[in-house]
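Have the sequence and the model open side by side as you read.

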Amino acid sequence: MTHRLVQVDAFTDRPFSGNPAAVLILKGPAEEAWMQSVASEMNLSETAFVHPEGEGFRLRWFTPRLEVDLCGHATLAAAHALWDCGATDSEHILRFQTLSGLLTATRQGPWINLDFPAEFEEYCAAPMELTEALGVALHYVGRNRFDYLIEVENEQTLRQLNPDLTLLETVSARGFIITSISDRSEYDFVSRFFAPGAGVREDPVTGSAHCCLAPFWATRLGKDSLVGYQASQRGGIVRVQVKGDRVILGGQAVTVFRGEMV
């Protein structure tokens, strides 16, 4: 049996930037071990597996090492791939059943808007290994069900950060969101994301991290609609809007190639 395979660069309007994700468009459920093997073969931060279910689709995400409960860029990639391949009507609101409940995707011109759960962090003491691994002053440390969120002094500190990933992997968490206010007027905040324990050294653009960044910066900056820039080597732009316990993530996406998994 063959499956449609699409690689999409998410949270960008041009190829070879943003965050690449592989999308497997399946006819039905697949074995978990097979999906994990495919994700390891793709060797991207996430591979999305999507198939029809009920009035929408079932969506699962795998890193090269494990399945994750929530992923923004691979959801954006899956929505883009389904519309791009003609698997669903371009005006149709996509409904994804996932490990994090119902997620939806809608199109607004070249932008795709994802309706995701907000992931509120709470203040916590920084583990000694975290402080040592980052090697910079930590202005704030919080934790949600997935990740640590760490605010650093400024954008320059964030961009120059070179964490000890081996030590960081010893801290129990899916990942580590590093953030600061932006130096540039076109963005409200900047961020980087590291998840060595999940097999992702530095993620280029992390939608699920913005489910935490959005309410964090909305409270501090006093506005519900913001623009974030993830300052990885590839870089990417994420529009966010806080709506109570939900966050709307806005991004663009580009198909890089289409093929078949045999």
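Just after helix H2, Gly86 takes a positive phi of about 75 degrees. Helices (H or I, at least four residues) and strands (E, at least two) are DSSP runs, numbered from the N terminus. This is a predicted model, in which local features need pLDDT of at least 70, side-chain atom pairs count only at pLDDT 80 or more, and totals for chains, interfaces and linings use all residues. Residues are numbered from 1 along each chain as its sequence is written, and side-chain values use heavy atoms, with hydrogens and water left out.

**Helix H2**
- Twelve of its 13 residues are buried, so H2 is largely enclosed by the rest of the structure; buried means under 20% relative accessible area with a 1.4 Å probe, protein chains only.
- Among the buried residues of H2 are His73, His80 and Trp83.

**Phe116**
- Phe116 sits in strand E8 (residues 111-117) and is buried, at 0% relative accessibility.
- Beyond its neighbours within four places in sequence, Phe116 has contacts (heavy atoms within 4.5 Å) that include Cys71, Gly72, Thr75 and Cys211.

**Cysteines**
- The model has zero disulfides, a disulfide being a pair of cysteine sulfur atoms within 2.5 Å.
- Cys71 is buried at 4% relative accessibility, and its sulfur is 10 Å from the closest cysteine sulfur, in Cys211, too far for a bond.
- Cys212 is buried at 0%, and its sulfur lies 8.8 Å from the closest cysteine sulfur, also in Cys211, too far for a bond.

Methods:
Buried < 20%, exposed > 50% of the residue type's maximum accessible area, 1.4 Å probe, protein only.
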